[in-house]
Amino acid sequence: MERDDVVGRPTGAAKVRVERGPVAKFAAAVHNGSPVYADQAAAAAAGFAAIPVPPTFAFSAIQYWGAFPEEQPADPTGGSNPLAEIMGGLLSKGGMILHGEQEFIYHRPVVVGDVLSCEGKVTDLYSKESSSGKVMTFLVTEDEYRDEQGELVLTSRMNLIHRA
Amino acid sequence: MAEAKLSFDAVSVGDEAPSFTHKLTRTDLVMYAGASGDFNPMHHDEVAAQAAGLPSVFGHGMLSMGILGKAVTDFVGIGNLKSYKVRFTKQTWPDEELTTRVVVADKKEEDGVKLVVLEVSLANQAGEMKVQGEAVAEAA
């Protein structure tokens, strides 16, 4: 698949709710024992209107815990997800998929009670040869999370690598 | 909505945030799988991982980024991060001792906002880099 054919294509959309239990358990799982993630009073003392989420919560956890089936928007991929097509196609010929890079851009803190709309798209596709002569294909996606007022809250960028 | 910010004037390029070390266990991987919803068997199923030719299960990259994230937010205050990005350079394995490193790399002002740029990394006991990247936080 050529770069121009895939950049800009949607990878998915979701509506997510940020709840207290998942945030506290996620913080424990990344060994972040700050009481701000577990205790309403500690969050208030730190100046938060509600318990905030750890910096990496928006990768998988936010959708795993917060995307309820009856609230989900229509699938913008029309059933053909470029992530699955490209990486699935490469993987069917062998090799492995690695999470190469991850970036978060925070426009304001995400807190318990937030209801966010997420839209994802492909932003880049390129390939390189590794030092051992293997073809490496890089697929970059960007997810934008907006609040109920439409304000951009968080941007998440993922770089996936297929190594032949 | 944030904890107390770093003092822009009090931090200098080269300053290091307090570091901590965590010894990775298989229980950590199971907890992260359950908390994140990432059930790739290579991270929790020893039998499947060995059948795939690996010595054992290995850690989620995002678990490494999460552990390192604590060292970052402990230093800059929760709610003050503007961005956080990493490259996953090596897999992590159970029983490795992972140590955080957060160093002030730059100080700058953009549109009247005081920013501190941090070089961040997580390495094992042999100094092998697992995760390397950059975080930017608002200071006061």
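Let me start with Tyr64(A), which is partly exposed because its relative accessible area is 40%, where buried means under 20% relative accessible area, exposed means over 50%, and partly exposed is what lies in between, using a 1.4 Å probe and protein chains only. What we are looking at is a predicted model, in which local features need pLDDT of at least 70 and side-chain atom pairs count only at pLDDT 80 or more, while totals for chains, interfaces and linings use all residues. Residues are numbered from 1 along each chain as its sequence is written, chains are lettered from A and ligands numbered from 1 in the order in which they are written, and side-chain values use heavy atoms, with hydrogens and water left out.

Tyr64(A) belongs to helix α4 of chain A, residues 61-66; helices (H or I, at least four residues) and strands (E, at least two) are DSSP runs, numbered from the N terminus. Together with Trp65(A) and Phe39(B), Tyr64(A) makes a nonpolar surface patch of about 310 Å². Patches are made of residues with over 30% relative accessible area and no salt bridge, with like charges joined within 9 Å and nonpolar side chains (Val, Leu, Ile, Met, Phe, Trp, Tyr) within 5 Å. A salt bridge, in turn, is a side-chain nitrogen of Lys or Arg within 4 Å of a carboxyl oxygen of Asp or Glu, and accessible areas come from the Shrake-Rupley method with a 1.4 Å probe, where for residues only the protein chains shown count as cover.

Now to the aromatic rings. Over all chains, the structure holds seven aromatic pairs. The rings of Tyr64(A) and Trp65(A) have centres 5.2 Å apart and planes at 70°, so this pair is edge-to-face; the rule is that rings of Phe, Tyr and Trp (its six-membered ring) pair if their centres lie within 6.5 Å, and planes under 30 degrees apart count as stacked, over 60 as edge-to-face and the rest as tilted. Trp65(A) is partly exposed, since its relative accessible area is 33%.

How are the rings of Tyr126(A) and Phe138(A) arranged? Their centres are 4.8 Å apart and their planes are at 5°, so the pair is stacked. This pair links distant parts of the chain, with Tyr126(A) in strand β3 (residues 115-129) and Phe138(A) in strand β4 (residues 135-146) of chain A, twelve residues apart. Tyr126(A) counts as partly exposed because its relative accessible area is 29%, whereas Phe138(A), at 8%, counts as buried. The charged end of Lys128(A) sits over the ring of Phe138(A), 5.1 Å from its centre, and in chain B the charged end of Lys107(B) sits over the ring of Phe8(B), 4.8 Å from its centre. A charge sits over a ring if NZ of Lys or CZ of Arg is within 6 Å of the ring centre and within 35 degrees of the ring normal.

Both chains contribute to one aromatic cluster, formed by Phe26(A), Phe57(A) and Tyr32(B). Tyr32(B) is one of the buried residues of helix α1 (residues 26-36) of chain B, along with Asp28(B), Leu29(B), Ala33(B), Ala35(B) and Ser36(B). What do the buried residues of α1(B) pack against? They pack against α2 (20-29) and α4 of chain A, together with β1 (21-23) and α3 (61-76) of chain B, where contact means heavy atoms within 4.5 Å.

Next, a word on backbone angles. Most residues other than glycine have a negative phi. Asp95(B), in the loop between β2 (81-88) and β3 (97-110) of chain B, has a positive phi of about 80° although it is not a glycine. Asp111(B), in the loop between β3 and β4 (113-123) of chain B, also has a positive phi, near 50°, and counts as exposed because its relative accessibility is 83%.

Finally, chain A as a whole. Chain A has five helices and five strands, and 44% of its 164 residues count as buried. Its C-alpha atoms fill a box of roughly 55 × 35 × 25 Å, taken along the principal axes. Among contacts in chain A between residues at least 6 apart in sequence, 70% join residues at least 24 apart. Within strand β1 (residues 10-17) of chain A we find Lys15(A), which, leaving out residues up to four places away in sequence, touches several residues, including Phe68(A), Glu71(A) and Val115(A).
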